[in-house]
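I opened my notebook to look up the charged side chains of one protein. These are my entries.

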Amino acid sequence: MKEAILIIVMLGVFVCGFFLVGKLDKFLEENRKSIQKEPEMQEPSCVMLTEELSDEEIIEEVLRFRSKHKSAQIMLYDNTDIQ
């Protein structure tokens, strides 16, 4: 009788372990995918467009930046001190 209870308990542990390992596998796979996407996220989140660039170079830079950052918003400001 003790052996039967031990076998049933061990089968329960193995079944629970099987499902836990399956969930762990899914979790690790999602983390692996996000780690692979990290180099894409390391692109600069801002671009400085100086007066040294031509209009064409500025347009190319803006288009390149927007292709890598789909939700990009453009904000222009003048950094001269207003007193």
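**Ground rules.** I am reading a predicted model, where local features need pLDDT of at least 70, side-chain atom pairs count only at pLDDT 80 or more, and totals for chains, interfaces and linings use all residues. Residues are numbered from 1 along each chain as its sequence is written, and side-chain values use heavy atoms, with hydrogens and water left out.

**Chain.** I looked up the helices and strands (DSSP runs: H or I of at least four residues for helices, E of at least two for strands). The protein chain has 2 helices and 0 strands. Of its 83 residues, 4% count as buried. Buried means under 20% relative accessible area, exposed over 50%, and partly exposed in between (1.4 Å probe, protein chains only).

**Salt bridges.** I searched for a side-chain nitrogen of Lys or Arg within 4 Å of a carboxyl oxygen of Asp or Glu. The whole structure gave me 2 salt bridges. Arg32 pairs with Glu29, with the closest N and O atoms 2.3 Å apart. Both lie in helix H1 (residues 2-41), 3 residues apart, about one turn of the helix. Arg32 is partly exposed at 38%.

Glu61 forms a salt bridge with Arg64, at 2.6 Å between the closest N and O atoms. They sit about one helical turn apart, because 3 residues separate them in helix H2.

**Asp55.** I found Asp55 in helix H2 (residues 55-68). Its relative accessibility is 58%, so Asp55 counts as exposed.
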